[in-house]
Amino acid sequence: MLFQRIFAAVLLLACAGLALMAWPYQAAFSYEPVGPRAFPLLLLGLMGLALVYMLIRPQPTKHTDDEPALDRPTLIKIAICVALLLVFAGTFESLGFILSSMLIGIPMARLYGGRWLPGAVIITLMSVGLYLLFDKTMDVPLPLGLLDVLEN
């Protein structure tokens, strides 16, 4: 219980520090009605509320037998997920949204027990569908990267 409260307090201090850093941010142009600093401040505020609850709750969190153990195979899966997300972040601009989503999506599906062919088909359809949803429907520009030749 004490370690949970210490963790919550340290993370709450980190949230407060990040909020102080994000508060004065002003973008040169505004593409949203509330500006670019609202999203991180909202996330930090919600996270801060949850951490305050963790600090003052009356009993410790009880773990049940239904929850997966935090053993070596689980930690390896977590490390692979983090590595795949870093690959996504690194290839997002150069390969573009669709190809980088496919590059990390198919191994991620395999990591969690998906089969190759259905995983590849679904990830491809989701990558193209999400690109069209964001870029064409919601006017959120996403990079095409190598597929830039397909754009008119």
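**Ground rules**

I am working with a predicted model, where local features need pLDDT of at least 70 and side-chain atom pairs count only at pLDDT 80 or more, while totals for chains, interfaces and linings use all residues. I number residues from 1 along each chain as its sequence is written, and side-chain values use heavy atoms, with hydrogens and water left out.

**The whole chain**

I started by counting elements and found five helices and zero strands. Helices here are DSSP runs (H or I, at least four residues) and strands are runs of E (at least two), numbered from the N terminus. Read from that end, the order is α-α-α-α-α.

Next I checked burial: buried residues make up 20% of the 152 residues. Buried means under 20% relative accessible area, exposed means over 50%, and partly exposed is in between, with a 1.4 Å probe and protein chains only.

Then I turned to contacts (heavy atoms within 4.5 Å). Of those with a separation of 6 or more, 58% join residues 24 or more positions apart.

**What the record says**

I looked in UniProt, where an unreviewed entry places the feature "transmembrane region" at residues 38-56, 76-104 and 116-134. I keep in mind that the positions are given in the numbering used here, that feature names are shortened, and that annotations may be inferred rather than shown by experiment. In the model, residues 38-56 are 100% helix and 0% strand. Residues 116-134 are also 100% helix and 0% strand, with end C-alpha atoms 27 Å apart.

**Helix H2**

H2 covers residues 38-56, which is 19 residues. From first C-alpha to last it reaches 27 Å, close to the 27 Å expected at 1.5 Å a residue. The expected span is 1.5 Å times one less than the number of residues.

Which residues of H2 are buried? I noted Leu41, Leu44, Gly48 and Leu51. They cover an arc of only 90° around the axis, so they sit on the same side of H2. The arc is taken from the directions from the helix axis to the C-beta atoms. Helix H1 (2-22) is included in what covers them. On the face turned away from the buried side, I found the exposed residues Phe39, Leu42, Leu46, Leu49 and Tyr53.

**Helix H5**

I ran the length check on H5 (residues 116-137) too: its 22 residues should span 32 Å, and its end C-alpha atoms are 30 Å apart, which agrees. Its buried residues are Gly119, Ile123, Ser127, Tyr131 and Asp135. The face of H5 turned away from the buried side carries the exposed residues Leu117, Leu125 and Thr137. After H5 comes Asp139, with a positive phi near 55°.

**The cores**

A nonpolar core is a set of buried Ala, Val, Leu, Ile, Met, Phe, Trp, Tyr and Cys residues joined through side-chain atoms within 4.5 Å. The largest has six residues: Phe92, Phe97, Ile98, Tyr131, Leu142 and Leu144. Apart from it lies another core, of five residues, including Cys81, Leu84, Met108 and Leu111.

**Phe97 and its rings**

Is Phe97 buried or exposed? Phe97 counts as buried, because its relative accessibility is 11%. Leaving aside neighbours within four places in sequence, I listed its contacts as Phe88, Phe92, Ser127, Leu130, Tyr131, Leu142 and Pro143.

The structure holds two aromatic pairs. Phe92 and Phe97 form an edge-to-face one, 6.2 Å centre to centre with 85° between the planes. Rings of Phe, Tyr and Trp (its six-membered ring) pair if their centres lie within 6.5 Å; planes under 30 degrees apart count as stacked, over 60 as edge-to-face and the rest as tilted. Ring pairs link Phe88, Phe92 and Phe97 into a cluster.

**Ile98**

Ile98 belongs to helix H4 and is buried, with a relative accessible area of 10%. Beyond neighbours within four places in sequence, Ile98 touches Ser127, Val128, Tyr131, Leu144 and Leu147. Ile98 and Leu130 are 32 residues apart in sequence, and their C-alpha atoms are 8.5 Å apart.

**Asp148**

My last stop was Asp148, in the segment after H5. At 43% relative accessibility, Asp148 counts as partly exposed.
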